[in-house]
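Dear colleague,

I am passing on the structure below, and would be glad if you could look through it alongside my notes.

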Amino acid sequence: MTEQDLMDPQRQPTLAGVERAAQKIGAILPATPLLPLEIDGTTIWCKAECLQPIGAFKIRGGWHRLTDLDDDQKKRGVIGFSSGNHAQGVAWAARELNISATIIMPEDAPKAKLENTRAMGSKVITYDRMSGDRVQLAADLAQETGAIVVPSFDDPWIVEGQGSCGIEIREQMLARTGYQPDQLVICCGGGGLASGTALANPDAKIAVVEPEGWDDMKRSLEGGAIVPVGDNPPATDCDALQTLSVAPITFNILSNRGATGIAVSAAEVHHAMRVAFEKLRLVVEPGGAVALAAILAGKVGLTDRTAITLSGGNVDRQRFADIIADG
């Protein structure tokens, strides 16, 4: 692949691209822990992305994308849109690279995510999640300012960057057990983490997990075509996974791999958060706990080579305390 190919925004993400992203990210960030957790006599492996500097895996895609901007693009700045974790990933990378960043975020994003994004120096513009179009808002602002739009999942760099998590899982499992994962259970909103991790582990079975009512990737995989979230979707604590429609770039990777989808309830998510806190001593946000929720609810058949993602830990303190106390 030539340098010109690598800069093409219409290209498809590849395993080689994921490996390149992993090298770039490994040069600046230590690998997050891969922790064993015994469930009904079987040990699974939990990738603690909630321990990233921004509290989520989104730092990976943000860094991979922004470090591949050319000098002119960096001067023009970037625009991201996100419920909060991608916002922080882009804000962190922009701060480290001295790039101006504007992030479009929903008004109902968790306070911690809004505050953390602003604290890293990015400008935040809010919108109504259910009536506003964040993609159009970003496109309009980019046309006005000349800044580069950095999508949250519909982008080859983002998919490859998130896939670096899958490279680490594979290498860590090999080091710990002598085996690669044969099954990966992955939290899913737009599918960037899931599709990138699928590329990184071409021989593993892939299952993606979403909250009930927001399980558009599940229904898309089952139907063989992209199906958006329906009208009036239910309220959910999983703000990070409230994607109204997945993108061809992520759907096609997962569909071609024969990935399956799982939906979990709020009660199952809250139980998973409590288990992660009690057994692993981790603070995991609702959206970051859905993969563990599917495992604990018996919705996934376990093997001793199963790995899951705990993809984020950015939850308001009081909300987390209330969920833990309810158990």
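What follows is a short account of a helix pair, a histidine and one further helix.

This is a predicted model, in which local features need pLDDT of at least 70 and side-chain atom pairs count only at pLDDT 80 or more, while totals for chains, interfaces and linings use all residues. Residues are numbered from 1 along each chain as its sequence is written, and side-chain values use heavy atoms, leaving out hydrogens and water.

Helix H9 (residues 192-200) packs on helix H11 (residues 248-256) at an angle of about 45°, the two axes being 9 Å apart; helices here are DSSP runs of H or I with at least four residues, strands runs of E with at least two, numbered from the N terminus. Axes are lines fitted to C-alpha atoms over the stretch in contact, with angles from 0 to 180 degrees between N-to-C directions. In contact (heavy atoms within 4.5 Å) are Gly192, Ala194, Ser195, Ala198 and Leu199 of H9 with Thr250, Ile253 and Leu254 of H11.

His86 belongs to helix H5 (residues 85-97) and, because its relative accessibility is 2%, counts as buried (under 20% relative accessible area, with exposed over 50% and partly exposed in between, using a 1.4 Å probe and protein chains only). Its side chain reaches the backbone oxygen of Val150 at 3.0 Å, and, neighbours within four places in sequence aside, His86 contacts Lys58, Phe81, Val150, Pro151, Ser152 and Ile158.

In helix H10 (residues 216-223), Asp216, Met217, Lys218, Ser220 and Leu221 are the buried residues, and they pack against strand E8 (205-211), H11 and strand E9 (260-264). After H10 comes Gly224, with a positive phi near 80°.

Methods: Polar contact = N/O pair within 3.5 Å; in protein donor to acceptor, adjacent residues only side chain to side chain.
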